[in-house]
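Me: I would like a close look at one part of this model. Please keep the answer connected and brisk.

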Amino acid sequence: MDPLYKQYPVHLEDSLRRSKELLTPVSEGRVGMYVCGPTVYSNVHLGNARTFTSFDFIFRYLSHLGYKVRYVRNITDAGHLENDADEGEDKIAKRARLEELEPMEIVQRYTVDFHNVMHQLNALPPSIEPTATGHIVEQIEMIQAIIKSGWAYESNGSVYFDVDAYNHDGGSYGELSGRKMDELQAGSRALDGQDEKRNLADFALWKKASASHIMRWPSPWSIGFPGWHLECSAMSTKYLGEDFDIHGGGMDLKFPHHECEIAQNIATNGKKGARYWMHANMLTLNGKRMSKSTGNTILPKELFNGNNPILVKGFNPSVVRFFMMQAHYSSVLDFSNDALLAAEKGHHKLMSAWSKLQVLSSSKESTWNLQAWLEKCYRSLSDNFNSPILISHLFEAIKVINQSENQIALTASDLELFKQKMDAFVFDILGLQLEEQGTAQNEALDKAMDLVITLRAKARENKDWNTADIIRDQLAAAGIKLKDGAHGTSYEI
RNA sequence: GGUUCCGUGGCCGAGUGGCUAGGCACUGGUCUGCAAAACCAGCUACAGCGGUUCGAGUCCGCUCGGAACCUCCA
């Protein structure tokens, strides 16, 4: 039996070629994927979380297909400057100064926060999660290799990548983002404090630390710290090789970050690094990109607990994930309370149908073409990871499940396969989770509710509508909703 | 100003030239003591103008509107 990836070969949108490409891994059956992780200088916001959720979904699908995936996602804990001018301060160091903490305390605090959030969103941990500070040696080695290539120069203890020289020698800095060098330089003329650079487009590989800079390491050029773009080149090469499969990240990193990565990789070993470059799109709030600096953000924590003025209530992390999965990873998605409310209902409908499926009984014949449905589901996923299309097919299945009692029948083996694949699509690939039944973790409450529901059922039997409605209304006022179904009453908080 | 991209029915959101995306809302129905919930059914749009084509939401051009990047952000 062929692995699933042979049955359903993946085509993915490659930002570099600007086309949909058939995924053909460097090594048959294995996929190396590198995703640019967060800079841990503050709480991750929901926009950050979307990118990592998108790649988690991609990781999950590739794994499901039978690929052995090595998924590397870094933590940037040094070198990310506030801006590119000479006096630019390292984000981590700045935060440490402001909060009067060790930089590593900042790093630790926000790394933990990041992990917590991603765990709540049910994102699987990557295979390797390397840090910039843990790879200073590798970065220094890479700088030496780039200097040797002739495309970097030292200036006052700092080292810069020489973009002009690189492009003059046939390099293609700008090809990923479609930028032309003369335009770039015209556009950035306004910046000052760039004395050390030969050209405005040049970017730092190593920065000499100023006296006040806390994070510093010795190097052949100065006591300093690595440039932000370098860590991803160094770590992707170290763990995935010079020629690996997928490089991912947020759309905002396309330029300059990924452009610089490609140039560094070429300068080091003549290869671009990844064969396919993928970009997850932005999550906007009020039609604008989420941004910490402008305050146009919402934290996942606030979304989960409802503690934000734009929200009427908190939302289950799985609902949030479902909301994200209903849009394609490469499209801008606009966040709103209404959109979340709609997603919550859809999510609930999906999970209810899943529960129904578990207790469905089989028939002698199938009157629904399960295979054709499976085919559609896989085709949508293998077509550039189209989660919204998959979800539309899931809703078709939901209709089937709901109609199963009188119109649609499935054989025992079909039913078994159906259940198995629903689990795969809903939980393993989309990464959704069942809603907790009310706060059913609380056994005492569950028992108390059973009692109340029984009493109300008695009242209803006796046609004591008054009592029954008082119970229902009072509970509703307390935030507990009763649902009368054909097989009794359940509750929801 | 440059680069990249988007503009789809009340809202969100897929659509790689020809066949109903889907969800939410809404309307009608089933169920129910009533309501809610649940389920079923209905609802048919592609910013504007022009062009290519037998045929365009889908390709080309222009206009209008919006976004991201070009300085830190996934």
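With which side chain does the side chain of Lys91 make a polar contact?

Reply: The model is predicted, so read each distance below as a computed value.

The side chain of Lys91 makes a polar contact with the side chain of Tyr41, at 3.4 Å. Lys91 sits in helix H3, which covers residues 91-99. Its relative accessible area is 15%. That is under 20%, so Lys91 counts as buried. The accessible area is computed on protein chains only.

In total, 64 residues surround RNA strand B. Lys91 is among the closest, together with Trp228, Leu253, Arg289 and Asp383. By residue class, this surface holds 17 nonpolar, 25 polar and 22 charged residues. Helix H14 (residues 387-403) gives the most to it, with seven residues.

Now the RNA side. Asp469 uses its side chain, with an N or O atom 2.9 Å from a base nitrogen. Ser291 has a polar side-chain atom 3.4 Å from a base oxygen.

Next, some backbone details. Asn384 lies in the loop between helix H13 (370-382) and H14. Its phi is positive, about 60°, although Asn384 is not a glycine. Asn384 is buried, at 5% relative accessibility. Lys463 also has a positive phi, near 55°, and is likewise not a glycine. Lys463 is found in the loop between helix H16 (443-461) and helix H17 (465-477). Buried or exposed? Lys463 is exposed, because its relative accessibility of 59% is over 50%. A cis peptide bond joins Phe255 and Pro256, with omega about 0°. Pro256 lies in helix H9 (residues 254-269).

Last, the cysteines. The count of disulfides is zero. Cys232 is in none, and the nearest cysteine sulfur, that of Cys36, is 3.7 Å away. Cys232 is buried, with a relative accessible area of 1%. Cys377 is buried too, at 0% relative accessibility.

Notes
Residues are numbered from 1 along each chain as its sequence is written. Chains are lettered from A and ligands numbered from 1 in the order in which they are written. This is a predicted model: local features need pLDDT of at least 70, side-chain atom pairs count only at pLDDT 80 or more; totals for chains, interfaces and linings use all residues. Side-chain values use heavy atoms; hydrogens and water are left out. Helices (H or I, at least four residues) and strands (E, at least two) are DSSP runs, numbered from the N terminus. Buried means under 20% relative accessible area, exposed over 50%, partly exposed in between (1.4 Å probe, protein chains only). A polar contact is a pair of N or O atoms within 3.5 Å; within protein, one must be able to donate a hydrogen and the other to accept it, and residues adjacent in sequence count only if both atoms are side-chain atoms. A disulfide is a pair of cysteine sulfur atoms within 2.5 Å. A residue is near a molecule or strand if one of its heavy atoms lies within 4 Å of it. Ala, Val, Leu, Ile, Met, Phe, Trp, Tyr, Cys and Pro count as nonpolar, Asp, Glu, Lys and Arg as charged, and the others, Gly among them, as polar.
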